[in-house]
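Please look over the sequence and the model shown here before reading on. The report begins with two single residues and then turns to the chain as a whole.

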Amino acid sequence: MSRLVVISNRTVNPHESRSGGLAVALWSALKKSGGMWIGWDGNVCRNDNPELKKCQADGVEFYTTEFTEFEYDNSYIGYANSVLWPVFHNRIDLAKYDPEYKSCYEKTIKRMASFCSKEIMQDDVIWVHDYQMIPFGMELRAQRMQNSIGFFLHIPFPPEELMRSIPEHRWLITSLFSYDLIGFQTENDMRKFHNYIINYTDVDVFGDKCYLYKGRKFRVGVFPIGIDPEEIRNTLDTERSRELEKKFIRENPREMIVGVDRLDYSKGILHRIHSISKFFSMYPEKKRAVSLLQIAAPSREKVVAYEELSECMDCLCGKINGELGDLHWSPVSYIHRNIAREDLPVIYRVSKVGLVTPLCDGMNLVAKEYIASQDPGNPGVLILSEFAGAAQQFTDALLVNPFDINATAHMIARALTMPLQERQLRYQSLMRCVVHNDVHWWCDAFLSSLKEREVRLAG
């Protein structure tokens, strides 16, 4: 049986417990085939020639490399997170173009691909992940690899007019044509990709979701990523979680609304805080009866836009609490640090409303984790941005336009007063989706589709 080789910007730490649905699913798939995971280990070194480190855990081989300081600053912080991330999230105003970024990005990808070529076997199936690694398949093909290679984009694909703002957009997107299968989160993302390549490349349509470019065929597909609901159920069934839930209920008699995000401008956190302020203005009787717990883990702190966002959040939360709060109540509790993953399901469970309102998001797994954490007999209500990929599946959530502050405030009021029967019906519909399209389904669906190419070649 062929091995699975996973290539991503970051690998999990093989010596730590595997938490998080994506890591668990990929680890499971790798163990089945005796596979290999290749990527950056998260460290930055002073050495200009970092080596590939090898280790093994549970039958899975890990090949990791450090980034040089130059690679970290110019490839990771520069091109990946100051060019690709803002453009793919519709924020070209925040993109910072520098020729050095692209040059370093390309060299970093080539260096990692060179490492891989020495370890990958002829019949390995290769799965490359996300925007940081877009040209990886092209570099593997340049080294004459004929393996099945798939790519999955975890973030949204931008409209063609925004993609064109990247100076080397054709090079970037045509590099994707080296993959056998390109996976997207939603039909909308796949449609935008189709529109771009039809209008700006020499690709030919070769059938349903199949294209031909310079004699090479490739396919596209939609594979909405999920979570591991069993992991959440098991977490909630621990003594630690039961005690934490009792403590929350005892110490927080008010109705709680929760938001959990990385501190990122794509998550709509500032708009959310303004919506909470507007909610209390429209429904003053809810003061001291309701509060928002906003958890925002630090993210990409070397990027200027993130530093500015952090300062804005501090000022805005302080302003609202200063104007509306009193000695015994704060409308917003803002936590700007990481919270233990095993505590999040309890926080979701005790919150009457989950407020998931990104301005642009590939999927947003917090929405799915919130639903999976609920008590079926007395579930909370999910308010979800229509601009999250999850909205394509979660049609029974309360969908909002996060740019519409007034409408979001009204939707918060509706969620807080929703009758139990309606809450249960909405929860049941959403939970069916979570269970049916979990992260293991996602992993199996993508790999099964990728391996269809192997069957055709073998025939």
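Asn 437 sits in the loop that lies between helix H15 (420-436) and helix H16 (439-458), where helices (H or I, at least four residues) and strands (E, at least two) are DSSP runs, numbered from the N terminus. The structure is a predicted model, in which local features need pLDDT of at least 70 and side-chain atom pairs count only at pLDDT 80 or more, while totals for chains, interfaces and linings use all residues. Residues are numbered from 1 along each chain as its sequence is written, and side-chain values use heavy atoms, with hydrogens and water left out.

Is Asn 437 buried or exposed? Asn 437 is buried, because its relative accessible area is 12%, and buried means under 20% relative accessible area, exposed over 50%, and partly exposed in between (1.4 Å probe, protein chains only). Leaving aside residues up to four places away in sequence, Asn 437 touches Gly 226, Lys 368 and Gln 393, a contact being heavy atoms within 4.5 Å.

Thr 417 also belongs to a loop, namely the one between helix H14 (405-416) and H15. Thr 417 counts as exposed, because its relative accessible area is 53%. Between the C-alpha atoms of Thr 417 and Ser 373, which are 44 residues apart along the chain, the separation is 20 Å. The table sets the two loop residues side by side.

| Residue | Relative accessible area | State |
|---|---|---|
| Asn 437 | 12% | buried |
| Thr 417 | 53% | exposed |

Along the principal axes, the C-alpha atoms fill a box of roughly 70 × 45 × 45 Å. Of the 459 residues, 58% count as buried, and among contacts between residues at least 6 apart in sequence, 76% join residues at least 24 apart.

The chain is divided into domain 1 (4-222) and domain 2 (229-436), with bounds that come from an automatic or database domain assignment. The C-alpha centres of domain 1 and domain 2 lie 31 Å apart, and the contact takes 21 residues from domain 1 and 17 residues from domain 2.
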